[in-house]
Structures are given as C-alpha cells and as structure tokens.
Amino acid sequence: MIRSENLRSGYIQEDVEEYVYQLLPERDKVIREMEEYAEQNRIPIIGPAVARLLSLLVQVSGAKRIFEMGSAIGYSIIWLARAAGPKGKVIYTDGDSQKAARAKDYFRRAGVAKKIDVRVGDAIELLKKTPGKFDVIFNDVDKTQYSAALRAALPKLQRGGLLITDNTLWSGKAARPAAVGDADTLGIQEFNRLVYESKQLYPVLIPLRDGVTVCRKN
Ligand SMILES: C[S@@+](CC[C@H](N)C(=O)[O-])C[C@H]1O[C@@H](n2cnc3c(N)ncnc32)[C@H](O)[C@@H]1O
C-alpha cells in the first residue's frame, strides 16, 4: 500500500504505481524517519523513487558541486550529497528557518553534515549571488516561481550540467487547460514550454511520480 500522498502521482494507475514503489529497497533509519515525518506533517518531499533518479544522475554525471532550490527538511539533499561522494559540496536553500534547523539535525545523523552548506532565504536570490557554476541544480521551489528559477539557473550551470526540476506534470494538471486562477499549473506549463523551446537546453520530461524534467545544458 502506498501510505503517503507524497508518493501518489494522481495520473498513473494505482496498481502500477504501487508496483514501482514495492520494488524499491528499504531505506536506512534516518531516511525512513524523514519519510514518516514528511507524511505525518504533510511536507511534500520527492520520495524514494525520484530520490533514486537524482542519485543516479549525480553518479553517472560525476557531479560534485550541487545547488538545491527548495530543500525543506533536507530529504532530497541527503540523497544528492551521498551520491556526490566524499568530494561533493551541496548547497541547501529554503525560506523556512524551522525546516532548516530540522534538516541540520538530520544531516548530522545521516553523516553528511560536512558536505552540506545550509542557507536560509530566497533560493533564487541565493543562487544568483553564489559565486561559480554548478554541475547539478535541483529545482523544487514554489511552482509559480519555476520560470524565475529557470532564468536564475541557466547562467549558473556548467556546460554539460543538469537542471533537474520536480513536479512538472503536477498530478497530470500540466497536460490540461489550467483552471481559472490556478497559478501553480500555469507556472509549470510555462516552465515546460520554456525548457523545450530553449536552444541552450536538452530536456526530457520523465513521468515518474509527479513528473521530473531533466535538462542538460548544451
Ligand atoms: C517541495 S518542498 C521541497 C522538498 C525537498 N526538495 C525534498 O524533496 O526533500 C518545497 C520547499 O521549498 C521552499 N521554498 C519554496 N519557494 C522557495 C523560495 N523561492 N526560496 C526558498 N525556499 C522556497 C518551501 O519553504 C518548501 O520547504
């Protein structure tokens, strides 16, 4: 049984989705605890299936310098930090200082605290003012800000670097005309259109969980 709403796509047949999650190996104690806390406190996290995709992309690309926009309690960033290996440097960003405090405790217990630089504030502004370029930028901010996040991320990505963005199917709503006043769906639709129109990016939208778009910078 899929217990958490975080894991339900809303557009994949339930038995098929169930099957995808049943295949996943057990996670360690800290990761399981974070999954349970997120479920109980309705904190949207990417969950283990998308986390494995992120981890795989970091491993195959050899990414070391990683920036995450919208980190919440630090679930996805622990997977990114572990995948980046001992030389990895990962930047956490979130506007909520309470979530950042909880995340720091998880980082310590997961043994990745030294690799993660925690910054509280607006992720888009923090990215713009952080010197240097990144091998991977993971975008998981508010959906109305996706186009602004894209504009900020493009100049901060290395050539060959990856911009990975979560929720790009938005429970399937991205594929249908947005309801009046649904700024989140409009934000995602604009982002999807912009990345596929961009000459600087090579995007692939993967229909895993809520949709994940992986863009390679040319
Ligand atoms: C979907 S959650 C992130 C989940 C996280 N990536 C994970 O999977 O473990 C989105 C988070 O982004 C934060 N957020 C949204 N827009 C932001 C912004 N512009 N700057 C900083 N944080 C932002 C929210 O406070 C929230 O904690």
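In the predicted model, a nitrogen atom of the ligand lies 3.2 Å from a backbone N or O atom of Asp142, a polar contact being a pair of N or O atoms within 3.5 Å. The protein buries 89% of the 600 Å² that the ligand exposes when taken alone (Shrake-Rupley method, 1.4 Å probe). The side chain of Asp140 places an N or O atom 2.8 Å from a nitrogen atom of the ligand, and a backbone N or O atom of Ile46 is 2.9 Å from a ligand oxygen atom. Ile46 and Asp140 are also among the nearest of the 20 residues around the ligand, together with Asp94, Ala123 and Gln145; a residue counts as near if one of its heavy atoms lies within 4 Å. This shell comprises eight nonpolar, six polar and six charged residues, with Gly counted as polar.

The structure holds 13 salt bridges, defined by a side-chain nitrogen of Lys or Arg within 4 Å of a carboxyl oxygen of Asp or Glu. In one of them, the closest N and O atoms of Asp28 and Arg82 are 2.6 Å apart. Asp28 lies in the loop between helix H1 (14–22) and helix H2 (29–40), whereas Arg82 belongs to helix H4 (residues 75–84), so the pair links parts of the chain 54 residues apart (helices are DSSP runs of H or I, at least four residues).

Residues are numbered from 1 along each chain as its sequence is written. Local features require pLDDT of at least 70 and side-chain atom pairs pLDDT 80 or more, totals for chains, interfaces and linings use all residues, and side-chain values use heavy atoms, without hydrogens and water.

Technical notes. A polar contact is a pair of N or O atoms within 3.5 Å; within protein, one must be able to donate a hydrogen and the other to accept it, and residues adjacent in sequence count only if both atoms are side-chain atoms. Helices (H or I, at least four residues) and strands (E, at least two) are DSSP runs, numbered from the N terminus.
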